[in-house]
Amino acid sequence: MYLTNEEEGIIEGEQGEVPARMFRLLVRLGDIYGADRMIPVGSVQVAGVSYKSIGDPGTEFLEDMAAKGAKVKVLTYLNPAGMDLEDWKTLGFPEDFAAKQLRIMDAFKKMDIIITATCTPYLAGNLPRFREHIAWSESSAVSFSNSVIGARTNREGGPSALAAAILGRTPDYGLHIDENRKPDMVIEVEAGLEYNADFGALGYYVGKQVKNKIPYFTGIGDANTDHLKALGAAMAASGAVALYHAEGLTPEAHLMDTQGLEVIPVTDNEIKETYAKLNTGTDPDIVILGCPHASLREIAALAKEVEGKSLKKPVWICTSRVMKEAANRMGFTDTIERAGGNVVADTCMVVSPIERMGFETTGVNTGKGANYLPGFCRQNVVFRNIHELVRRVTE
Amino acid sequence: MKGRTINPGHAEGEAIVSREPIGFYGGIDPKTGIVIEKGHELEGQNVKGKVLVFPCGKGSTVGSYVIYGLKANGVGPAAIVNKETETIVAAGVILADIPCVDGIDIEHIKTGEHLKVDAANGTVEKK
């Protein structure tokens, strides 16, 4: 790999031990993937934030980095934490867990990382531009930034994202390169899609079919950013799709040639079968919405659904702290709380210890959540749209 | 045998060989070095001080921190030899500073053989 004089110096330790070690990591990853140079990144999103995910080894590693004076060079956000960083006590998160989680946040803050913990950084003040190179981690955020915004990122692991943040660089390979952003197959959608959950079901089905390839969708018609967020998140979870194109909807779609590609049709049947497959329970102990983190529009929709009702089971909608502030101001949080629900910030169902909090069956409206909850949180899943979920916990 | 340097360093030790990939997160206990993945061919064995030989990593990217944790807790492998190192293991061995070589024909290595790893030169020798 070609390295500039400055970069050679970093490896030799001119900027200290931590940048040297982290740069060695980036160079090695670049070698493995055939990168020929480093490129600057505009922003970073670091995964491996929840204590549930990284445990003591990760906590100690981050504290060691912070103690050695590591600082990030570019705008850096975090993936969701394992709990609401302000209301964890009221929501019933365990004390021992909270103590560890707060140590992790402290270590990140010492490194100048913005401790806004969200899988939707683009809704919370970290918005890349079209064609900007970035180094993001969380699979749905990677999908959204590549596909809907047209920024460029590979799916980074926790350490490689942290290294990119500290160096302000990433090796130039994979989805940073035009040639590698071409579609591999066409997904011909002939199904009716109404709710976010329907887009999640479509994404789950397609992710299973295409695995880590790049699909090009036709026939979706209209979709807002919440729909596209749900679609991408499910594909990244059931497969490993980091980029998709959608005709008439995503910014690079019109640049792509789809002649001669394999065509996979998706009809109402496949969507119906996907719902049937993902539903492993019937009566939810808790309903959790906001995977990926809810937009303000999604919080408003829940407020409208539950207004004046009395919820018989806990209903959470997970979001970023930034969206929650806006929901507070609009009175959405108040409406949801009066019905017996909560607007939960900074965390999500997948990385929070819900299995330790007495829940066995979780209701979700997300293909991604339905994919991960049985394994990560040992939950039975009720996968329905928001309207049906609310009906199940009010009647 | 000659391969590629993933992280430099010298180490010698007894080989412990897995024919299947290893997922470190949830697969190896970072406090003890014991393989805990149910049904894994190395389940119940300890990697501490051994030359750990396996085709490639799998599973969660948090596995990198588990490799770091193994070393920090004094129960890490002396070296890692892979057929093809992917990002999880690469990040882990570099952060933990464990000698690591890939591009090795690991089918020719058996558990219990004594190996000498010169990771800077990318070589693995049987002794």
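Let's start at Ile336(A), and with what surrounds it. Leaving aside residues up to four places away in sequence, Ile336(A) touches Ile299(A), Leu302(A), Ala303(A), Val306(A), Ile317(A), Gly341(A), Asn342(A) and Val343(A). Please keep in mind that this is a predicted model. The residue belongs to helix H12 of chain A, which covers residues 332-339. Is Ile336(A) buried or exposed? Its relative accessible area is 0%, so Ile336(A) is buried. One more detail here: Ala300(A) is 36 residues away along the chain, and its C-alpha atom is 9.4 Å from that of Ile336(A).

Now let's zoom out to the whole of chain A. It is divided into domain 1, residues 5-178, domain 2, residues 182-276, and domain 3, residues 279-392. I'd like to look at how domain 1 and domain 3 of chain A meet. Their C-alpha centres are 27 Å apart, and 26 residues of domain 1 are in contact with 26 residues of domain 3. Between them they bury about 2000 Å², and carbon and sulfur atoms give 56% of that area. On the domain 1 side, the residues losing the most area to domain 3 are Lys52(A), Leu91(A) and Leu123(A), which together make up 27% of what that side buries.

What about charges and polar groups? Across this domain interface there are 6 salt bridges and 13 residue pairs in polar contact. Helices H3 (51-67), H4 (95-110) and H5 (139-149) of chain A each supply at least two residues of the domain 1 side. That side divides into 12 nonpolar, 8 polar and 6 charged residues.

On to the partner chain. Here 22 residues of chain A are in contact with 20 residues of chain B. The two chains bury about 1800 Å² between them, with 67% of it on carbon and sulfur atoms. In chain A, Arg28(A), Ile32(A) and Pro57(A) lose the most area to chain B, together 28% of what that side buries.

How many salt bridges cross from chain A to chain B? There is 1, and Asp56(A) forms a salt bridge with Lys31(B), with the closest N and O atoms 3.5 Å apart. We also have 7 residue pairs in polar contact across the chains. Helices H2 (17-32), H3 and H6 (158-167) of chain A each bring at least two residues to this side, and H3(A) gives the largest share, 10 residues. By type, the chain A side has 10 nonpolar, 4 polar and 8 charged residues.

Conventions:
Residues are numbered from 1 along each chain as its sequence is written. Chains are lettered from A and ligands numbered from 1 in the order in which they are written. This is a predicted model: local features need pLDDT of at least 70, side-chain atom pairs count only at pLDDT 80 or more; totals for chains, interfaces and linings use all residues. Side-chain values use heavy atoms; hydrogens and water are left out. Domain bounds come from an automatic or database domain assignment. Contact means heavy atoms within 4.5 Å. Buried area is the accessible area (1.4 Å probe) that two parts lose on being put together, summed over both. A salt bridge is a side-chain nitrogen of Lys or Arg within 4 Å of a carboxyl oxygen of Asp or Glu. A polar contact is a pair of N or O atoms within 3.5 Å; within protein, one must be able to donate a hydrogen and the other to accept it, and residues adjacent in sequence count only if both atoms are side-chain atoms. Helices (H or I, at least four residues) and strands (E, at least two) are DSSP runs, numbered from the N terminus. Ala, Val, Leu, Ile, Met, Phe, Trp, Tyr, Cys and Pro count as nonpolar, Asp, Glu, Lys and Arg as charged, and the others, Gly among them, as polar. Buried means under 20% relative accessible area, exposed over 50%, partly exposed in between (1.4 Å probe, protein chains only).
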